[in-house]
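Open the model in your viewer and keep the selection panel at hand.

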Amino acid sequence: MTANILDGIVLGLQFGLLAAGLTLVYGLGGVLNLAYGQMAVVSAMVVLFSMDADVPALPAIGLGVLAGGLSGLILDLTVLRPVYRLWGEARVLLSLLLTLGVAFVVDGFLNWQYPQAGLTLRIGGGPVEILGVPMRAGSLVASAVTLLAMAALLVFFRATTLGRAVRSVIEDQEGARLVGIDPHRMLRLILILSGVLAALVAVTRSMVAPVTVTAGFGLTVNALIVTVVGGLGSVPGALLAGILLGIINTIAASYIGTFLSLIILLTAAALTILIRPSGLLGVSE
Amino acid sequence: MTERFSEGTGTSVIGGAERRTSRSLASLFLPIAGIGAVLALVPLWLGDSRVLMGVAVLGLAYACYTIGFNLIFGSTGQLFLCVGALAGIGGYGSAILAETVGLPIPMAVLLATLAAGLIGGLLSWIAVRRSLGVIFTGVVTLIFALAFENLLLGLTDLTGGDGGFLIGAGSESFLRRQIPPYYLMLTLALGFLVIHGLLRRSHIGWAFRALRDDELAAELAGVDVARYRVYAAVVGSAMLGMAGGLYALTEGRISPTTFGFAQVDVVVLVMLAFGGIGTLFGPILGAVAFTVIDELLIDLGQLRVLVYGALILMLFLWIPRGVIPTIAGLIRRRGPSG
């Protein structure tokens, strides 16, 4: 039981971090980025190719994170430009369709060029006992990195001026503009940040299981579900929902069996949305 | 949250074309008859090739799906991301009822259609009841679609799991010959167009437009927004179920990928957006165009996905409203009658 909960927490932490990037971009700019999973895959591929070119692991990971941030910046500067001219549901819809196009282009290119590629980072050392349960070293390093990233994210939003500026835009765009915050610059910053988060998830995920070229779509769907369950625009909500769904998923998988466990996970997500449409920690309108 | 989204809608992705509806029925039936006449000629040209006729039948099945999805999403703004799942309820339902239970084929299709309509209506009723917005409706229906896909994979005794199963029922009938399935699906698509066209002209169509353009104003003017949304979802989902059922029976085998999210929902969304969301004829134009493009690109393999992505990007960067509203706009601007 304890082992399952710990496994679930590791998975959930990654779900949560992944969802945080998606939820920020949506909450801040009304942009739904369906190419989000592909940003993670691109970062993973950059790490993979750098390591193939004999770059040591840490600098390679650095390059991957850089690639993630860069992909966010590129989205902001290119395909999202027409999206910024729209408002409301039209804006969400156009952003969704355009980023779906980007996702296809990236998926198509990677599957065409590198159909077999997948990133696996091996962390040395034997299993470590936690609460009397042996855990793989890879899982532990992955959770540690994820937890650090989460803590950094929460500190950024609570304690720094820039983080507060971003939150003020999420709460009230007009008000933020009146006190001299440029919503567009904040959105660009957050798109870059979401790319960095996607890259971190790709790297930590690859310590537990391989991240393949076809993983993009599945990552996006997971992030989307966790985002909605946690409440759109709420970072703590995304983290909480990620951990909860991760635990539900792992426990259901070990006690009930695979295909029903996914259905239980999905039902739990659907019920949360129906009972609390604003999400676990979302702001009711 | 809602406040900053209300700064005017700009050029909406959901097209506002075909607003002016003329009252004469001829203006509805003539274009549909024209489309039917042109598409009826296709077997004269491709009839010799079993493969190409199969592609054409699949294209028409997608046209049917897109018309059903258009009724739900284009007309009443409910983003149903379970098009494949609803078609799959029709497909698996018809196949299992005809094959395992042994019902006559028309009965099996009818029951499966009914089931799809009811489930679609239920999803819509839940969404309306909880007043979920576009994205939330999208995610809830997406979750439903993923759960359905997993059920198909898991209930191997009933569905054959990953590999699906062969449908023996109807294998001796016209459903498995080379040409008749094409005319069956064409009739279905034209029938769906007529139903959607008639709905648009009735008071229900006015309600659809009113609630799509401004939901609050429609509600204040006495339109029962909730009721019309559920109606549209029931009719549209029944269309999806019937098309899925008949396609499965003409194909003779089904598997989860026949109705998968990536294979159906994504494609249908692109077809509809290409033709023009909320227009009457957009779905059929989009389905025909994408079936042809897909066949032309068949040799590209994985590169095809990339080309699709590039096409989607170009499409929405240049003509975000879709082809039919854009052309209609050009004609209206140039035409002397205005």
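Two residues are in contact if their C-beta atoms, placed from the backbone, lie within 7 Å. Keep in mind that this is a predicted model.

**Stop 1: where the chains meet.** Select the contact between chain A and chain B. Chain A puts in 44 residues, and chain B puts in 40 residues. Now stay on the chain B side. Pick helix H6 (134–154) and helix H14 (303–318) of chain B: each supplies at least two residues of the side that touches chain A. Which helix gives the most to that side of chain B? H6(B) does, with twelve residues. Colour the side of chain B that touches chain A by class: 27 residues are nonpolar, ten are polar and three are charged.

**Stop 2: Leu48(A).** Go to chain A and select helix H2 (residues 36–52), where Leu48(A) sits. Is Leu48(A) buried or exposed? Leu48(A) has 22 C-beta neighbours inside 10 Å, so it counts as buried; the cut-off is 20 or more. Show its contacts beyond four places in sequence: Ala117(A) and Leu119(A). Then draw a distance to Gly27(A), 21 residues away along the chain. The two C-alpha atoms are separated by 32 Å.

**Stop 3: helix H10 of chain A.** Select residues 235–255, which form helix H10 of chain A. Its 21 residues should span 30 Å at 1.5 Å a residue, and its end C-alpha atoms are 30 Å apart, which agrees. Now colour by burial. H10(A) is mostly covered, with 15 of its 21 residues buried.

Methods:
Residues numbered from 1 in each chain as written. Chains lettered and ligands numbered in written order. Predicted model: local features only at pLDDT ≥ 70, side-chain atom pairs only at ≥ 80, totals over all residues. Helix = DSSP H or I, 4+ residues; strand = E, 2+ residues; numbered from the N terminus. Nonpolar A, V, L, I, M, F, W, Y, C, P; charged D, E, K, R; others polar. Buried ≥ 20, exposed ≤ 12 C-beta atoms within 10 Å, placed from the backbone. Expected span 1.5 Å × (residues − 1).
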